[in-house]
Amino acid sequence: MANKHLYGCCLTLILCFSACFNAYAREYHYGALENPDLLQCEDLHWSGELSAAKSCFRGLINASQPLFVQAEAIWALGDRKTANSRFSAASKAEPSNSRLLVRWGALYADTYQSQEALNLFSEALQLDPDNAYARLATAEILLESGGTDALEQFAALIEDRSMPVGVRVKANIALARVALQRDESERADTLLDDAANLAGNDITLLLANYAMRAGRAVRAREDPDEWITRALDINPAYGDAYAIPAYFYMITFRYDETGEYYQRAVDVQADHWEAHLSLAANHLRQNRPTPAREHYELAYAGDPFNPELVNSLRLLDYYDTFSVTSYPEHSPGSSPGSSPGNSPGIDEERLLPDLSLRLDTEEKEVLAPYASRLALKALDTFSDRYGFELKQTATIEIYPNHDDFIVRALGMPGTALLGVAFGYVVAMDSPNAQAGEDYHWGTTLWHEVAHIFTLEASKHNIPRWFSEGVSVFEEWNTGPIKTIRIPLHVLESLRTQEFLPIAELDSGFVQPEYQNQVIVSYMQAGLICEFVKRNFGFPKLVDMLNAYGDGVDTPGVVKEVLGLSTGDFDVQFSEFFTTEFGEQIKQLDEWRAVQVQANKALSDESWDSALEAAQQAIDMMPAYIEVDSPYLTKARALVGQENIDAQMVTLETFWRNGGYEATSLFALAKYLQEQDRFDDAIKVLQSQLLVAPFDLELHFLLGDILLQRERASEALTEYQVALALNPLDKAAAHYRLGNALYQLGDLEQSRHNVLTALDAAPHYRPAQKLLKSILGNL
Amino acid sequence: MSALHIRSVVTGSIVGMLLLLNTPSASAETHTLLVQGLGGEAWYQRQFDEQADTIGEALKSVVGEPQLTILRGSDANRQVVMDWFDGIAVNADDDDSALVVLIGHGTFDDVEYKFNIPGPDLSFSDLQQGFSQINVPAKVLINTSSSSGALLDALKEEPITLLTATKNGRERNATRFGRFFARAFVETAADLDKNQKISLQEAFDYAERATNDFYESEGLLATEHAFLQQPGEGQIAGRMTLANLGSQDDSMQSPELIALFEQRDQLDLRIESLRLRRIGMGEQDYEYVFQILMLDLIMVQDEIDLLDGVNGE
């Protein structure tokens, strides 16, 4: 078990840098092909004469041509299965032809079978250890899978002047791409200049260079069109001229431009399946499922091997089954077919609901009351704090299956994110997607909604670190758990690792260099915002956001808003951190030793020793409220001593400090109820709705106490949710509903529910008595 | 071995009988055997001790101490179990019932199921032989052990109501079902019809749901799927009471109370009859008639409470 709410969040598809950058479309051969007939067709293709190229390739599919030429031609015409058979036959005919193996491997890579591709490249290298194309292709696959060795392999290929020019050009382009992902524009410039010099007069070798330069322009927030034009002058059907800058728009969160450029890519090259896929994903990111499906289906028709496409289409089928509710309810967009009109809570000018919740139908009744309440509160809070009114409806999607959510976020499963924000659209895990964990979904929602504001208020001109920093900062300051929570492993890392300079903080998210660096970067970003608030005042954070929105970069923002150089800022921030957390970091080992001691004593049932050690750990780090918190150890030791009152005092302190361990807090709520501290019991239980909303007993107990406090309307909600959870004891659920409705004066509905309860349990005495009361008042 | 406030074992003797099935019958009795198997590890031993304590106490409240045989520790051996069956075979009347509860670990080697007890294990063949020699209309076997589902196929042709913690013999992991099944005996939430009694069906429903919820909430793949198999029309599980949640001392009932109880029983039958006709009625008509019957029932219950001196809460 582990507390979870954070730091599996991401703004957008950052994590799929490599995967998303796989093949844009058909790959240029960069000199891997030597057959003159093939080269003739290739030249036609890469100069944009697609019809002529197709005819040319078709002409090569005959028995007079070598098998590998036929395979290449068939592949170029899009029939990858037949191409594979032909390569297989060619390989049998020429088992020691390493170049053929490399091309066959490239076909496997083109069908997303990386391991098989690597095997073939490896075979090629065994036959010919100096095979440049095998080395290049191996490095490319390693880069896609996130292997850091790949960069060294590319560098080695560039340095080796004996390598074919095409190989060195492609290696330069690959490294330039990584540099641009890391926002290292100068490095990218150098690499692209070198690649251009190597290309000489071979204009086809310049195509990717120009496209990458267009990407570089996007990264630098300049107009990419000059470079796009140059590429299209060489090959008017070169979709990558648009798709590469589109990609860089995407990773800098500018989704309007992303969509525009991917659209242009498919306009000039209709069979650019990767661009169709990315365009579809962008439509979905912008809450446009219909065109998303259209482009997914087009992409699938052309590239059925792509697992991301298959996943996305399956997700879209599921997506269509979601229940959609708009808030405030009864707003113009809240139900299909409703006509616009003035409703309370709606901006009369834009006539849009504030919030749209997309929930799985089986979770809707349970999550909707709490998710809507929390999200609307978050929207109000951030609107006020950042002085920004949303221009569109904020959409929140909650997924009961983690893999579905990850496919929604990244296209492929297997990543430990909890939430993602695309702008006005947020997607996140439901508590059911994190079963077995104490997952604070309320905090995740709060965090992601904060991203909506930072992204939209800055017009998507915002570095990752600042958006994450504000989200973390808002969790700590205005979220459901208002406390600064730094995970222990982060403090642990900071004993040996330095914080990144503020100007380079994005790289901590994008290209982490040690295991914990992404989470360390989240914390650093949050703490920077906290530091700004404390030393310069909260309005300066808003000013920073607006300055980013004006296109100012981080050094400029720090200078303009805070009057500091980034170097001075880093020094001051470091002092702040040392003051706030230096002592905790120093005593981390001692704290851990005391924790171990407390837990050992607890398992030995040495209650006094456990209490003493747990208290010592609490005194050293009173804000530590994760699942292994010493508060819980102390509470368990007090149970051992049968000192229930003291146990509950401890649990209450734990809860007031932000702790949310479900079982302990349910016991605390029951205790508080027994002590007639009803309002505190209600607060404890309501806080747990953001952790365990599918806990039936939680709703029954909360409803009962609310009803006891004559808060019948709120009690009714809890009972309705309880009923939606399909309780075994339906009689009890309907009786409670009847009781709440009775208190609310809805006698007819009350009668109906009580009769339903009695139908299941005729001898249910409280229900019998309630029926008498109802009928006496009807 | 933990303490149990019931005689630990009476080998081969049936001392008394008591009504367990709710079906009115003046002389019908239920002979009950609870066997606690080996825990193996201390944690399981504690679990099984607690389950046997809870279930034993509850059954005592229904069956009465003399009719309940509880075998645990070294007493829970094959010979004693078979002797118990022999005794029932000799002493049971035609309208009696037999209930056997097995708490512990089971194994299944793809050929035969065995319940782990000291000495030779209790095998499927033993259970089949034991039950087959008893000539009573209601035979019930509750087995909360791992692999207990192996009995489902093996006993499906037998007139035995069978509750197992697993759906087949291949679900071999130690089960959680027993813990929740025992909890049902003392949990008001398991009393779905609010009659202050826990039937076999209610205990099963409660434990099955709680077990499923456990696996879901822990994010674990469920390694057990409980099953309730009833012969014929399957009425026994709903009618067999396993625990009383309220006091059931009927010995001091006045003639007036007895008459009221009869009235209440009659109303119960009318309600049951109405339910059977529900499909052919409109929902509003059903609710209307049901409400009238309920008001009669409430009136009778009010009088019972008045005479009984209880407030009915």
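How many salt bridges are there over all chains? In this predicted model, the count comes to 47 salt bridges. Side chains of opposite charge can pair when their charged atoms come close.

| Salt bridge | Closest N to O distance |
|---|---|
| D320(A) and R293(A) | 2.8 Å |
| E468(A) and R464(A) | 3.0 Å |

**Pairs in chain A.** D320(A) lies in the loop between helix 18 (307-319) and strand 3 (323-327), while R293(A) belongs to helix 17 (residues 289-302), so this pair ties together parts that are 27 residues apart in sequence. D320(A) is partly exposed, at 47% relative accessible area. E468(A) and R464(A), by contrast, both sit in helix 22 (residues 464-478) of chain A, 4 residues apart, and are therefore separated by about one helical turn. E468(A) is buried, with a relative accessible area of 0%, and R464(A) also counts as buried, at 4%.

**The pair in chain B.** D49(B) is buried at 12% relative accessible area, and R72(B) is buried at 4%. The two link distant parts of the chain: D49(B) is in helix 1 (residues 42-63), and R72(B) is in the loop between strand 2 (68-71) and helix 2 (78-91), 23 residues away.

Salt bridges that share partners join D759(A), E272(B), R275(B), R278(B) and E283(B) into one network. D759(A) is among the buried residues of helix 38 of chain A, which also include R751(A) and L755(A). Helix 38 (residues 747-760) has 14 residues and reaches 20 Å from its first C-alpha to its last, close to the 20 Å expected. The cover over its buried residues includes helix 37 (730-744) and helix 39 (765-777) of chain A, together with helix 8 (255-276) and helix 9 (283-308) of chain B.

Key:
Residues are numbered from 1 along each chain as its sequence is written. Chains are lettered from A and ligands numbered from 1 in the order in which they are written. This is a predicted model: local features need pLDDT of at least 70, side-chain atom pairs count only at pLDDT 80 or more; totals for chains, interfaces and linings use all residues. Side-chain values use heavy atoms; hydrogens and water are left out. The expected span of a helix is 1.5 Å times one less than its number of residues. Buried means under 20% relative accessible area, exposed over 50%, partly exposed in between (1.4 Å probe, protein chains only). Contact means heavy atoms within 4.5 Å. A salt bridge is a side-chain nitrogen of Lys or Arg within 4 Å of a carboxyl oxygen of Asp or Glu.
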